[in-house]
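Subject: Structure handover

Hello,

Here is the structure I promised to pass on. My notes on it follow below.

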Amino acid sequence: MTGQKEANHDKNAFRPIDLLADDRWNKITIPLITILLTVLVASLIMILIGRSPVVAMKSFLQGSGLWPKAVYSPSKGMLTDLFSFLGIFSPMLLASLGVVVAMKGGMFNIGISGQMLASGFLATVFIGYSDLPSTIARPLILLIGILVGGLFGALVGYLKYRFNIHEVVSTIMFNYIISYITGFFINGYYADMITRTSRAVRTAARLQISDLTLMGQKISFPLGLPIALIAVFLIQFFINRTVSGFEIRMIGSNRICAQYAGVKVGRGLVRAMAISGMLAGLAGVTMYLGYYNTIVPKELSSMGYDSIAVALLGNLSPSGCIFASFLITIFQKGAVYMSSSTGVAKEIASVITGILLLFSATGMYIKYVAQRTRAKQSVLPSSNGNNQNGNGGNRI
Amino acid sequence: MNVEAIIIDGMAFALPIFIMAIGGIYSEKSGITMLALEGLQGFGAFTGAIAVLILSPVIGENSPKLIYIAIFAAMIGGMIYSMLHAVLSIHFLANQVISGVVVNILATALTTFLTSLLNESLTGEASNKIQLGAAPRFTVPYLSSVPILGAFFKDVYIFVPFIAFFALIAWYVLYKTPYGLRLRACGENPYSVDAAGGNVNGIRFSAVMICGFLSGLAGIFFAYSTSANFSPSIYMGYGYLAIAALIFGNWKILPTLGVCVFFGLAKSGGYQLTLALGLSSKVSDLFLTIPYILTLLLLIFFSKHNHPPKAVGQPFD
């Protein structure tokens, strides 16, 4: 309260604390601090296990095609790596948009990986192995992705509203159920005898245009990339400029208030989760039938969790997710090359993502402390009563 | 069908979930949402496995002491790791659902990374497993000869007496001591506890630590019994099953025990059914989904009528 009063008081005077406390700035500064802290901790880990952090960070970039490697095999180059990077960046972006929409509605969709697997599996089985020409197969695959993911999401939203089942528990249960059931079918009916994964999807049905040549380098153009970028604009528009989007945000910030205002809460919850699931489904088909062409049985993609980190880092804004998923994909995608060039286990990528998530979770606190400090600074010259009010919650 | 095997395997699955669920009850009753059970048990199992890995050359690989050291290390490890969740949700006022998920993700990533790092430095191979033996089992002399129900006392893992001991203490402390009363009040109306002179955040912090302590025991039970190693496969979602169990149990210890036993018997019953019908091992994957599907179904029937602690998830400031 004091903060608001004082902010009006000297609106034009800029103080350094505003960088963190002011809502105009902290959308950028807090993620930046998060990233800096994460890189710092990651470098410390590298030093602790006796590796050079500079070499490690560089090889993350090299593995993602953002920095030239020393040697390339013939007809391959930085662009090959870059487009491969974009191939996994696109599903990550779509998945994180799914997390964002659910979170705007006050829900936490950690069933992204299960929804991805379900839609990827069904699209592979029904269309991926069929003889349909690519002009029909590719749209059908996208349709299956949207439908399957959307249905699972809607079901979770319905269970939440109708039966009061916490979405974290129900989505986790679905994750395991989907993983075992698809694993059973892949092992039993669709397994490749040699690799023990599902048989490869036909190239014509894959959501990527392979064997293109750009500046003498072989690249595969991921069709997920335009889809993901269009999705960013659509979701941005939906959340900020439509009635349904506004209702979802209202439910997310205060469900009871929304109900009093006449918003149909149940419909809003189901809608938010359905859209979240649709995006997860799209992520699933662009990953399992685009970046990869096969499914490893009984393995849930770590992208379900990574996308949560992306959404938090991107401040729950669709456009922020573009930058955040770019960053996290660098760690995830570059980890394999980093591992081979420095000999550090590639699981370090997940550790870095985890640390990033940890600092993102404290982002609200940084903002809170900054705003309190600012309030205190402006209150100091005035009466004591206000000061006590501002200090009421000081316990660290 | 082998009824004895159903009971023996079922209890070996139910009891670790039960002790974890008690931890969850402590945390949630004190007002801290606890979705981190999965990570806490995994991290506990990891520290227990590390203790075994380091100490087994010193005191001998077959020493019976090893298992007690593993239990102790796992519980302490789980407790220390749980402080992360406590600090995030109490001091940093983080969203407790997000904090719980962060703790889970970090546990999976850290333990997997550290395991391969340690294996590489000790043996030169970057394996993600730490081999453990299978824990000893024992049979209670007279009780086990009772027909059918005697199976509850047959081939019991060495962890079971620990679980019984800690469960009894946990029950007594939660329902019969002033501390337990205050803890439960913290989850319903923390301001009344504050007004009565209690330290709300202190009590919540201790409740989360108790939760980590008990989850560590569950983790080492899983690692040291059926799988006989520590590997990323410890993250099988059992922590979430424990959460589901405490929700059906309406945040009370005794009903939760009933739910856990039901889970265990359903799981081993399904498995014994595939054996009795002579189905192939591939089909057993489908039977592995039974506990998860049951969880969902039970939640549909019971979630409406239960009463979660009123102040759960709300930071006290």
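To start with a loop: Asn315(A) sits between helix H13 (303-313) and helix H14 (318-342) of chain A, where helices (H or I, at least four residues) and strands (E, at least two) are DSSP runs numbered from the N terminus. Asn315(A) is not a glycine, yet its phi is positive, about 60°. Most residues other than glycine have a negative phi. Asn315(A) is partly exposed, because 19 other C-beta atoms lie within 10 Å; the cut-offs are 20 or more for buried, 12 or fewer for exposed and partly exposed in between, counting other C-beta atoms within 10 Å, with C-beta atoms placed from the backbone.

Asn250(B) is in the loop between helix H9 (238-248) and helix H10 (253-277) of chain B, and it counts as partly exposed with 15 C-beta neighbours inside 10 Å.

Conventions: this is a predicted model, in which local features need pLDDT of at least 70 and side-chain atom pairs count only at pLDDT 80 or more, while totals for chains, interfaces and linings use all residues. Residues are numbered from 1 along each chain as its sequence is written, and chains are lettered from A and ligands numbered from 1 in the order in which they are written.

Confidence: pLDDT is the predictor's confidence in each residue, from 0 to 100. The average for chain A is 84, and 92% of the residues score at least 70. Over residues 383-396 of chain A, pLDDT stays under 50, and the model has twelve contacts beyond four places in sequence for them. Where pLDDT is low, the predicted coordinates should not be read in detail.

Overall form: chain A has 17 helices and two strands. The C-alpha atoms of chain A fill a box of roughly 80 × 55 × 35 Å along the principal axes. Chain B has twelve helices and four strands. Its radius of gyration is 20 Å, close to the 20 Å that the rule gives for 317 residues, so chain B is as compact as a globular protein of that length. Buried residues make up 51% of the 396 residues in chain A and 51% of the 317 residues in chain B.

Interface: 37 residues of chain A are in contact with 38 residues of chain B (C-beta atoms, placed from the backbone, within 7 Å). On the chain A side, H8(A) gives the largest share, 13 residues. By class, that side has 26 nonpolar, ten polar and one charged residues (Ala, Val, Leu, Ile, Met, Phe, Trp, Tyr, Cys and Pro are nonpolar; Asp, Glu, Lys and Arg are charged; the others, Gly among them, are polar).

One helix in detail: the buried residues of H9(A) include Gly224(A), Ala228(A) and Ile235(A).

Regards

Definitions and conventions: Two residues are in contact if their C-beta atoms, placed from the backbone, lie within 7 Å. The radius of gyration is taken over C-alpha atoms; the globule rule is 2.2 Å times the number of residues to the power 0.38.
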